[in-house]
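Have the sequence and the 3D view open side by side, and let us walk through them together.

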Amino acid sequence: MSSLSYIFKRLLLTIPTFFLVMVIIFLLVRMLPGDPAIAMAGDRASDADIQAIRERLGLTQPMFVQFWLFLTNTLQGDLGRSILMRTDVTTVIADRLPITVFLTIYSVVLSLLIAGPLAFVAALNRGRWPDAVIRTVFQIGLSMPVFYIGLVLLTFLAAQLRLFPVGGYGDTFGERLYHLFLPSVTVALYTSAIIMRNLRSAIIEVLDAEYVQFARAKGLPARLILGRHVLRNALISTVTLLGLSIGNLMSGTLVTETVFAVPGMGRLMLEAIFARDYPLIQGLTLTFALLVSLVFLMTDLFQSRLDPRMRLQ
Amino acid sequence: MEHNTPILEVDGLNTTFHRGEQPLPALRDVSFSVARGEVLGLVGESGSGKSVTLRSIIGLARRYGDVTGEVRWQGQNLIQMPDRALRQIQGREIAMIFQEPMTSLNPLLTVGLQLEETLRAHTDLSQSARRDRAIEMLDLVGIASAAQRLKDYPHQFSGGMRQRVMIAIALAANPKLLLADEPTTALDVTIQAQILDLILRLAQDMDMGVVLVTHDLGVVAQTCDTVAVMYAGRIVEQGSVRDVLKDPRHPYTVGLMRSVPENLPPRTPLYSVPGVPPSLDALPQGCTFAPRCAACVSACTQDRPSLSIATEGRQVACFNPITNSQGNAA
Amino acid sequence: MSDATFTPTQPTFLQRALRKPGFVAGLIIIGFSILLAIFPGFFAPYDPNEIDYLAVRQPPSWAHPFGTDLLGRDSLSRVIWAYQVNMQMAVFGTVFALVIGVIVGALVGYYRGIADLIFGRIVDAVITFPFLVLVIAVVAVLGPGLVNMYIAISVVYWVYYARLMRAEVIAQMGNDYAAAGVVMGYSDKRIIFRHLLPNAITPVIVYWMTDMALVILLGSSLGYLGLGAQPPQAEWGVLIAEGRNFISTAWWLSLMPGIAIVLTGLGFSLLGDGLADLLRPRG
């Protein structure tokens, strides 16, 4: 199968999923307590004003008509108006999206940089002290809540030692790397614990695999066995795992954005929730879901590039 | 024996794995030798240490446990050889093929690359010469349109074909000794004979020694010159195939032979050696086979018999060997 | 090595368990945590809500080993009383999802068909949301608070249990005894509950242990964000949030609950890992 038709098939599969995602978001927001119209109009609005808003929002229509409106509007890129920001939800999100995406990618890169080499060291020294030390440290890391790691880093490295800025995210690429370093490290410390654990067992499994034994029996240089035979195979499970962990990672960025006052989508989500800004909650939830499924798609494509068995199914 | 001087001499090979604090004696005092052009069969039930023997010789087992004793190869002891030096022997002088063709080839790499990397490690051939040699090898093991198939991945081959590919890879650098670990067990019966024939033909053409691990005495009878019978990590009997199969001395060998369903009238109940092999962490004090042995005498439960010469070219580890050539005593 | 059979003389489950230091450590930590959660009054030196404006933000001393908070309450006592809330989270935050997930997973795994197809889509949809985003969206609907937090977590998390259970049941169905049950004409109910469930549940139980650690992290995160337990209730996330502006001056306010979270989380994951190790089929 060519990769183009693979992509096409893979995209077709996401349609029913996304339909369900829309249903979940729609139902969730319709269950919000209080009348969104009152929230939008403000406390001093007259009944007539509220009624007008209700009609404008389509809230007087039957549920399935409302859903249809929601679906078609969303597909046209219209997510409604934010009550909190007094502008289009799409505009608000477009403003914050790059920050969260930057933070997420940054965290993924840092996680891999932390977890990758250590997983290798642990796997190659299985059962000996370097393995034990690495595993214990990461076991503890796994038990630390993201907000707590963030708080500690913020206080000591940023507030006390003034090595890093306390908030904001900078303007140039370099500034962003600098500003978002601590928030990303915070997320990375947690996710790298997950990745390390799994990558270590994946590497051990590959090291014991018969094809690696065969490669050794062929008398190949050690470097070649690790790089070509072990790493490539272990990479597949790492990529799968990274893809599946993206939800976790984004949950982490939501928290870290709050702790470090990074003006991304996560912090906005919390603001929207406290303000009961339902169009914004709706839009943000949808955007998060879109990001995750985009990552799932990329994971699948990457895997099919890496693993010839998947290409020819 | 009419063979010339041995190329491989295994002397007092011990391999011990560890589970937690507990040592597992996988091999004890294994000694044998193989000459050029000789095919040695290693037989025994699963768990008897046949595969561990091969993996200890070629240096795979030492990553998982302690290997001591001597494996002499052209005047050098492979057991003590550092990894780097050993790599000059692995694949170049001693090659190994595995039981499972499905899992023994790297699924992510083309067959061509897996063949070529061996050549690259062990020869000075140029890239195009390596390619030519790779095609030649695939051709030699009977894979049609070899040049095109270099680009294919292992999953695009059938089980039997994969085993042929593995043989091609193993033999690419012209080794002097082939260690074959049950190379036909995972294959269909109809293909087993073809693969065995292929191995033997190539061994003859290339004047290679072969150590063939199998649990099938029928295969030994057809293909091997000499045979060593293993039980619970030790060799219990060895000698030329003709002698051992015609006149087995060790009760275990007799039992193994009786469990081969050959020349039996229909509906004869199949024989099997009573009991199960002991586990490695609970070996009996005396002869490891004593609990299952019909010819067991009192010495057998106290001392361990060592492999000693019974007749010319024949070694048996038994206090009460069977002398009747029909083997009725078992 | 593939060719060696390692059949040992079997030590008992307890003997094997006690040989694993990680498992034993987890057992001790969680055992002690349960004690603290059940009898906080016995262990806590002070009333956790006793305000003393004359002893505000006192550093650790013999009288107050963890110091005092912004209102002069004893930090140690508050951290101990929080065990009640946070250990309760570990139970209520997981048990509903576990039960629903196991039942649904077993049913769709056994019957497959159209229900399984629908279930597959639901799983796809739910894992498309970052977990925390979906949970806080549900909390937003219901309003902040502990009970609503449990509902939110359960509403999302049963899917993960069901997915695991389904996979296990399908794997078990491939085994001979399930097929034998079908051949022998046992009722579906009997096959599911007497044969499949007991065999398929082991990985789910192991997962449950690690999940309890996750839920404590999640619950305290929500508490920190103001969406979980509400002040003045003593809960680790809330306590850390209360102390967050004073980390450099009154570090003990957030350090001590932080240690409690890490320790409890560690206890549960050690327990889970040890259990996974012990229950793994040995070969």
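## What you are looking at

A word on confidence comes first: this is a predicted model. For chain B, the mean pLDDT is 87, with 96% of its residues at 70 or more.

Let us start with helix H6 of chain B, which covers residues 159-171. H6(B) has 13 residues, and the distance from its first C-alpha to its last is 18 Å, close to the 18 Å expected at 1.5 Å a residue.

How many of the residues of H6(B) are buried? The count is 12 of the 13, so this helix is largely enclosed by the rest of the structure. Among the buried residues are Gly160(B), Met161(B), Val165(B), Ile169(B) and Leu171(B). Arg162(B), Gln163(B) and Arg164(B) are buried as well.

What covers these buried residues? The cover includes three helices of chain B, namely H3 (111-122), H4 (127-140) and H7 (189-206). Strands S6 (94-97) and S7 (177-181) of chain B are also part of that cover.

## A buried loop residue and a hairpin

Staying with chain B, look for Ala61(B) in the loop between helix H1 (50-57) and strand S4 (65-73). Is Ala61(B) buried or exposed? The cut-off for buried is 20 or more other C-beta atoms within 10 Å. Ala61(B) has 23 C-beta neighbours inside 10 Å, so this residue counts as buried. Thr15(B) is 46 residues away from Ala61(B) along the chain, yet 7.9 Å separate their C-alpha atoms.

Further along chain B, strand S11 (residues 308-311) pairs with strand S12 (residues 314-316) in the antiparallel sense, over three bridges. Opposite Ser308(B) you will find Val316(B) in S12(B). The two strands, S11(B) and S12(B), form a hairpin with two residues between them. In the turn, Gly313(B) has a positive phi of about 70°.

## Two domains in chain C

Now turn to chain C, which is divided into domain 1 (95-200) and domain 2 (212-277). Taken over C-alpha atoms, the centres of these domains of chain C are separated by 28 Å. Where they meet, seven residues of domain 1 are in contact with nine residues of domain 2.

On the domain 1 side of this contact in chain C, helix H6 (131-142) and helix H7 (146-173) each supply at least two residues. H7(C) gives the largest share, three residues. By class, that side has six nonpolar residues, one polar and no charged.

## Where the chains meet

Between chain B and chain A, 24 residues of chain B are in contact with 20 residues of chain A. H3(B) provides the largest share of the chain B side, four residues. Sorted by class, the chain B side has 11 nonpolar, nine polar and four charged residues.

Chain A also touches chain C, with 38 residues of chain A in contact with 34 residues of chain C. Elements that give two or more residues to the chain A side include helix H1 (3-30), helix H12 (246-259) and helix H14 (278-306) of chain A. Which classes make up the side of chain A that touches chain C? There are 27 nonpolar and 11 polar residues, and no charged residues.

Notes
Residues are numbered from 1 along each chain as its sequence is written. Chains are lettered from A and ligands numbered from 1 in the order in which they are written. This is a predicted model: local features need pLDDT of at least 70, side-chain atom pairs count only at pLDDT 80 or more; totals for chains, interfaces and linings use all residues. The expected span of a helix is 1.5 Å times one less than its number of residues. Two residues are in contact if their C-beta atoms, placed from the backbone, lie within 7 Å. Domain bounds come from an automatic or database domain assignment. Ala, Val, Leu, Ile, Met, Phe, Trp, Tyr, Cys and Pro count as nonpolar, Asp, Glu, Lys and Arg as charged, and the others, Gly among them, as polar. pLDDT is the predictor's confidence in each residue, from 0 to 100. Two strands pair if DSSP finds at least two bridges between them.
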